[in-house]
Amino acid sequence: MSKKWAVLAVPVISVLLGLLAGAVIMLVSGNNPAAGYMALWNGAFGDSFYAGETLRQMTPYIFAGLAVAFAFRTGLFNIGVEGQLLVGWLASVWVGVAFELPKVIHLPLAVLAGAAAGAVWGFIPGFLKARLRVHEVIVTIMLNYTALHVTNHFIRNVISDGSDATDVVKESASLRSPFLENLTDFSSLHNGIFLAVIAAIIMWFLLEKTTLGYELRAVGYNQHASEYAGMNVNRNIILSMVISGAFAGIGGSMQGLGTFGNMFINSGFSGIGFDGIAVALLGGNTAVGVVLAALLFGALKVGSLNMPVESGVPNELVEIVIALIIFFVASSYMITWLLSRFKKKEAK
Amino acid sequence: MDALTIISLIVSSSLFAATPLIFTALGGVFSEKSGVVNIGLEGLMIIGAFTAIVFNLTFVDTFGSMTPWLALLAAMLAGGLLSLFHGVASIAFRADQVVSGVAINFLALGLSLFLVKLLYDKGQTDMIDSRFIRKDIPFLSDIPVIGDIFFSSIARPTIWAFIIAFVSWFVLYKTPFGLRLRSVGEHPMAADTMGVNVAKTRYIAVFISGLLGGLGGAVYAQSISLDFSHATITGQGFMALAAMIFGKWHPLGAMGAAIFFGFAQSLSIVGSSIPFLENVPAVYLLIAPYVLTILALAGFIGRADAPKASGMPYIKGSR
């Protein structure tokens, strides 16, 4: 098996194993797996409305996945996408509500505000890692909860007067698209999907085709070698977290300017940031992989809502399947080992 | 309210909120001291809370007032079993331990909510009848002032949290097993050379962290939330993780940090009824545990260093 095939084999086998385990769980709990997965498929792609919802769900997943993947390539684990997404969401909505500008200025400004907020939230762990060698995983987890409480505080006490939600953003800052809504039978699909695809192309270009991207990847492979080669490791670490945070922040803008049109008090996390880890891992931390994995997870999430209705299977089954997929991808050592064993036997 | 009432109210509610965190943070200490990062504490608490509530609802007629205590044992077992998933992935399959921990969190939430829907046909369980209540400790609560502040209206699991914290300290620092466990987390190759079974020691440590994580979740569910839904455990596991780091990976430090975080949590709830604190926005108290942890890691509040080999799978023969 060539190396290219092996790269594809791990995610594909992981997904298949995850779905297989899901089928077993459905069987054991007295449900029909075929009916369950059929309902899942219908709920994700059954008609144009569901397809639109899947694409809409895919949009923030792409951004969250790109954020995690980008940091991963520089050898950093950004588990703080959830928090960066929240501050980005807040900043975009704030700009969207507070200003009165023509659309060509207002919309980009609101998206950039989201990116900037996410970047600032990503800068903190990047700086602490570069300067003080503090592990980014713990800092980003702590910043997630800080972001949750801080954004709730801002919504209730700063942007509104004790209300549980902000106003809806002005039309000039909205990503909503009547064209896409008509096309998909009035789903909540919005223009953000185009931004997400552009972002994926930008990430690919930045990492693979620029000097900066080369340095970032070099630092991810071997910090010491990069240092001896004259690269500024600390600067690259901070930059990677800032860019990663910016991606996550725009993911928040998608929620604020597109899907919901406002922001509300969150009692817990949306889960998009954590799902982003799964998306990045499954996508092999590449731009194309992230887009494909985001499509899969978007379909799983949206399709799962149809499972209780059509087949009586609780939609949480999909959470279990996603957890197992992450588990299998993380244990890729086992899969590649098994594959190599299998190959050896064939060779004999 | 007079000062004594206020202080005893704060102490009592701080310890109440801290108890689940103490158990779970101790679990984190065992796992990380052996070199296995455990982001899955949240998931272990979730599975513990779920198991305890289901056990409690199912067997309350059989066991009566003993039910919550037996539910703790069931929850510990569930947490221990789930943690073995994490153990197998991060020890045998050499998975990224952080990723595996994230998977544990997903799995616990998905699995428990899935089962709640199967068992009860709705999104959350009923409230439990038999729970841990706060009552005065006999004799000690009769001591003037001190008794009122520290020994009145204390839930029994709180006492156990203190006992287990001291037992953990003794096991980790005063027994051969503890020495092996710590050596495996600091320098697995050296430990292996000395004949310590690295994989086995790590499995045991991860299993203990599962027991304690499940225990923490069960105590939370049976004393604070009293039912199980998707919102029962939202971040307590991560706060326990923070307590473990703020306590510098030491059992007693983790206990102290957990009490401090419980204090911050209870202040954010009862603070509005206390004259001195009513003007402080709750957000400062809510984010205090997390911000303090970051500051502690950054070295502003004493240096906090993780065990050297934590997060790294041990591969025999590699340097």
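**Close-up views of a predicted two-chain model**

**View 1. Residues around the largest cavity.** The largest cavity is lined by B:Phe16, B:Thr19, B:Pro20, B:Ala155, B:Pro157, B:Thr158, B:Val219 and B:Ser223. Helix H1 (3–33), helix H6 (156–174) and helix H9 (198–225) of chain B are the elements that each give two or more residues to this lining. The largest share, three residues, comes from H1(B). Helices here are DSSP runs (H or I, at least four residues), numbered from the N terminus. A cavity is a set of points on a 1 Å grid over the protein atoms alone where a 1.4 Å probe fits but cannot get out, and lining residues have an atom within 4 Å of a point. The volume of the largest cavity is about 40 Å³, a volume being the space filled by probe spheres set on the points, which are joined across faces, edges and corners.

The model is predicted: local features need pLDDT of at least 70, side-chain atom pairs count only at pLDDT 80 or more, and totals for chains, interfaces and linings use all residues. Residues are numbered from 1 along each chain as its sequence is written, chains are lettered from A and ligands numbered from 1 in the order in which they are written, and side-chain values use heavy atoms, with hydrogens and water left out.

**View 2. The largest nonpolar core.** This core (buried Ala, Val, Leu, Ile, Met, Phe, Trp, Tyr and Cys residues joined through side-chain atoms within 4.5 Å) has 176 residues, and those with the most contacts inside it are A:Ile79, A:Ile141, A:Phe247 and B:Ile39. Helix H15 (residues 317–330) of chain A gives the most to this core, with 13 residues. Beyond its neighbours within four places in sequence, A:Phe247 is in contact (heavy atoms within 4.5 Å) with A:Phe63, A:Leu66, A:Ala67, A:Phe70, A:Ala199 and A:Met203.

**View 3. The contact between chain A and chain B.** Chain A and chain B each bring 39 residues to the contact. The area buried between them (the accessible area, 1.4 Å probe, that two parts lose on being put together, summed over both) is about 3,600 Å², of which carbon and sulfur atoms give 83%. A:Met142, A:Tyr145 and A:Phe327 supply 18% of the area that chain A buries against chain B, more than any other three residues.

View 4. B:Ala258 belongs to helix H11 (residues 251–270) of chain B. B:Ala258 counts as buried because its relative accessibility is 0%, where buried means under 20% relative accessible area (1.4 Å probe, protein chains only). Residues up to four places away in sequence aside, B:Ala258 touches B:Ala18, B:Leu21, B:Ile22 and B:Ala243.

Note on methods
1 Å grid on protein atoms, 1.4 Å probe; cavity = no way out; pocket = protein on both sides within 12 Å on 5 of 7 lines; lining within 4 Å. Buried < 20%, exposed > 50% of the residue type's maximum accessible area, 1.4 Å probe, protein only.
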